[in-house]
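Work through the two exercises below with the structure open beside you. Try each task before reading its solution.

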Amino acid sequence: MTKTIQAIRGMNDLLPSDISLYQHVEEVLTKILLNYGFSEIRTPIIECTSLFKRAIGEDTDIINKEMYSFNDRRGEGITLRPEGTAGCVRAGIENSLFYNQEQRLWYIGPMFRYERPQKGRYRQFYQIGSEVFGLKGPDIDAELIIMTARFWRFLGIDNHVQLELNSIGSIETRKSYHHTLVNMLEKNIKKLDNDSKRRIHSNPMRILDSKNPSIQALLDNIPPLIDYLDDTSREHFTELCRLLDLAGISYHVNHRLVRGLDYYNNTVFEWITNSLGSQGAICSGGRYDYLVKLLGGPNVPAVGCAIGLERLILLVRSVYPLLKTKKVVDIYLISSGQGTKNSMLTFSEYLRNQLPEFKIINHFGGGNFSAQFSRANKLAARLVLALGENEVAHHTCIIKDLYNGIQKTISQHHAADILRALLTDTLRKKHKI
Ligand code: ATP
Ligand code: MG
């Protein structure tokens, strides 16, 4: 027997039964993004490896062990994008989007990281991200967070997520803090795990993020980075907190939150949930005022965030376990008798013109009315329209509501209005998911 070829580990097919929920979530989010003045940008899923190395930082998990990198036929180092910000900044610089103008951009697409696959952690996953360029105040940081809070409200999961917030200050602040941190860690070198030992000189800040409880206990003995902020960073953070309070957004200031990418400064945040086990971060973001310049562009401040779509969907499903994601067929047309199939084809085209928002399917493949009705049931159709010779002759059709079994004959002339009225209820239910 021929061996079947399977998908690559950690890469998932999204089947038609999953897609309606993805579409619903994407629709909710993209409408809100539009509402806040964001425009979509689409960039390639592969970029030069050097872009990510420079943007994300050499000693980060992503660069060290998570990238899908290869050489193309000319020997150029290419990487499947592990995140969206670097490509977005690269595109903005290359297309002069950042000179003397504000940009509010959003993107959606697959990202790739060579991680150990588990629930909520995949090797290909989708992110929806938003980035604002050209604004440096805490007001835009606050608005970005307020917008994400609106995402959760509109998806009905706002009671299941919490906001973690921190400021990691300027690069200068971090440099002086490095000193304190490295000193303390060196004194306790025996207590460090291998990861932390490796990072102590290359990227000690990441040790703050360690999940190891004994490292966390060690860190309790040193003052947090937030105590070292310069006045500008401190004011930025205080104002951000004030604006969030004003908007009624609750948050937890987490001094250990540093994020996995080097390019952030000042504001960092994460929306987390307890409902998904250890893969609890559904949205992460922060300010990255140095990145555009670092990648060769003008000195433009920026702030952004990215949502892991699979984790968000897992959360929506865990909050609404009975969610009906099966796509319902709204109208199923059946026909039997001489010349009735021609009428069915003409009539269904007419109905699609009148009712473009509904799913309308013709029965093909023959069979008597009863066989065709059972096909409609199998497809979970809401309404069946039946055309026999008699109906065709009198320009009528039989309409049966499969939800309540009510059946009547109506004139084809009035069919579209009647169908729309009956289906509005279904539509409401469908969108309530
Ligand atoms: P984690 O701490 O879970 O590894 P991260 O800090 O690496 O997350 P980011 O690089 O900030 O995550 O990416 C933004 C969002 O993308 C995360 O909050 C998460 O929802 C999602 N995400 C990141 N890595 C994966 C993955 N391997 N599979 C699925 N979703 C992911
Ligand atoms: Mg990660």
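**Exercise 1: the ligand site**

Task: Describe the surroundings of ligand 1 in this predicted model.

Solution. Start with the neighbours: 16 residues surround ligand 1, and the closest are Arg113, Glu115, Arg259, Ala281 and Ser284.

Next, sort the shell by class. It has seven nonpolar, four polar and five charged residues.

Then ask which strands supply the shell. Strands E6 (124–133), E10 (281–287) and E11 (302–308) each provide at least two residues. E10 gives the most, with four residues.

Now look at single atom pairs. An oxygen atom of ligand 1 lies 2.8 Å from a backbone N or O atom of alanine 281. For serine 284, a side-chain N or O atom is 2.7 Å from an oxygen atom of the ligand. Arginine 311 places a polar side-chain atom 3.0 Å from a ligand oxygen atom.

Finally, consider the covering. Ligand 1 taken alone exposes 590 Å², and the protein buries 89% of that.

**Exercise 2: a sheet and its helices**

Task: Which strands stand at the edges of the five-strand sheet, and why is one side of each left without a neighbour?

Solution. First write down the strand order: E13-E12-E14-E15-E16, an open sheet with mixed pairing. Strands E13 (360–362) and E16 (407–411) are at the edges; each has a single partner strand, so one side of each has no neighbour in the sheet.

Check one pair. E12 (residues 329–335) and E13 are parallel, joined over three bridges. Isoleucine 331 has isoleucine 360 in E13 as its bridge partner.

Helix H13 (residues 369–378) lies across E12, E14 and E15, at about 165° to E12.

Terms used
Residues numbered from 1 in each chain as written. Chains lettered and ligands numbered in written order. Predicted model: local features only at pLDDT ≥ 70, side-chain atom pairs only at ≥ 80, totals over all residues. Heavy atoms only, no water. Pairing = 2+ DSSP bridges. Contact = heavy atoms within 4.5 Å. Axes fitted to C-alpha atoms, helices over the stretch in contact; angles between N-to-C directions. Near = heavy atom within 4 Å. Polar contact = N/O pair within 3.5 Å; in protein donor to acceptor, adjacent residues only side chain to side chain. Areas by Shrake-Rupley, 256 points an atom, 1.4 Å probe, with all protein chains shown as cover. Nonpolar A, V, L, I, M, F, W, Y, C, P; charged D, E, K, R; others polar.
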